[in-house]
Amino acid sequence: MRRPPVGLLVAAGLAVAALVVLLLGRALLPSDAGYAVWGTTRSGAPLRWDPCEPVRFAINPQQAPPGAVADLRTALALLADGSGLDLVLVGSTAERPAVDRPLTRMTPTGPVWREVLVAWSTPAATALPLTPLDRGVAVPVAVRDGDREALVTGQVVLNADRTDLVPGFADRRDAWGATLVHELGHVLGLAHVDDPTQLMAADPGAGPIRLGAGDRAGLAAIGRPAGCLDGPDPAAERSGRTLRTPALPLAGTSED
Ligand SMILES: [Zn+2]
């Protein structure tokens, strides 16, 4: 039996190809192109969303700073411009971040992957690995079903205790806008780089909030220019075959 690239268990004896959740906790080394991707498929391509389907987001405004919805829309527009992805804020939700968040939800026409949840929480109130110094943590989730591999959902949890941060996009040093772009960049498939001029730098640094050349190259590599994907079918996940990994992928934006 071929061993999966990350630790997980697949129930034996099931008729259909096992669907597995990949662990994306290890960033690849930054490339010369000025970006890094969070994971690769078995064929070595960057793990990414299907760029020919909308990527849907929902925001929980509980504990969010003023202007959070507007800032999220601005952040999504910036990333959509860089990636060519259709990034859609579908609305608000009362859902709270959770370690064991289901991957799909039912609709009248069948199961769909859950929206990416964007929510604020104090570190003490969440079991997700959000530390007091983090501005936020991103939890992208990829699924493999046979030869189909893609990012399908995720969570972004922002630190409600970071009252030193301010709404808007004035400066990377202290703007929630920069943190949103950075964490959403993780959800879309990008990892950290060392170059402090890129928004995907681990340290927020200071300066204008705009995509750097490396950020743009990375977004192109995981975005629409990379072509459509035949992504995993959410109906497969409903069969109960999915077994989650015990640890969740994460990447926080650390204290500056
Ligand atoms: Zn980060």
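Leu79 is buried, because 25 other C-beta atoms lie within 10 Å of its own. Buried here means 20 or more other C-beta atoms within 10 Å, exposed means 12 or fewer, and partly exposed is in between, with C-beta atoms placed from the backbone. Before going on, the ground rules. This is a predicted model, so local features need pLDDT of at least 70 and side-chain atom pairs count only at pLDDT 80 or more, while totals for chains, interfaces and linings use all residues. Residues are numbered from 1 along each chain as its sequence is written.

Leu79 lies in helix 1. Helices (H or I, at least four residues) and strands (E, at least two) are DSSP runs, numbered from the N terminus. The protein chain comes to 4 helices and 11 strands, and 43% of its 256 residues are buried.

What does Leu79 touch, not counting residues up to four places away in sequence? The list is Leu87, Val181, Leu184, Gly185, Leu188 and Leu219. Contact means that the two C-beta atoms, placed from the backbone, lie within 7 Å. Leu79 and Leu184 are 105 residues apart along the chain, and their C-alpha atoms are separated by 8.2 Å. From the side of Leu184, and leaving aside neighbours within four places in sequence, the contacts are Ala75, Leu76, Leu79 and Val156. For the protein chain, 72% of the contacts with a separation of 6 or more are between residues 24 or more positions apart.

In soluble globular proteins, nonpolar side chains tend to be buried together.

**Helix 2**

Helix 2 is mostly covered, with 13 of its 13 residues buried. From first C-alpha to last, helix 2 reaches 18 Å, close to the 18 Å expected at 1.5 Å a residue; the expected span is 1.5 Å times one less than the number of residues. After helix 2 comes Gly189, with a positive phi near 120°.

**Helix 1 against helix 3**

How do helix 1 and helix 3 pack, and at what angle? Helix 1 (residues 68-83) and helix 3 (residues 213-222) meet at about 70°, with their axes 7 Å apart. Helix 1 is therefore roughly perpendicular to helix 3, a label for angles of 65 to 115 degrees, where under 35 is roughly parallel, over 145 roughly antiparallel and the rest oblique. Axes are lines fitted to C-alpha atoms, for helices over the stretch in contact, and angles run from 0 to 180 degrees between N-to-C directions. Leu79, Gly82 and Ser83 of helix 1 make the contact with Asp215, Arg216, Leu219 and Ile222 of helix 3.

**Two loop residues**

Asp171 sits in the loop between strand 9 (148-159) and helix 2. Asp171 counts as partly exposed because it has 16 C-beta neighbours inside 10 Å. Not counting residues up to four places away in sequence, Asp171 touches Ala206 and Gly207.

Gln63 is in the loop between strand 3 (55-60) and helix 1. Its phi is near 70°, a positive value in a residue other than glycine.
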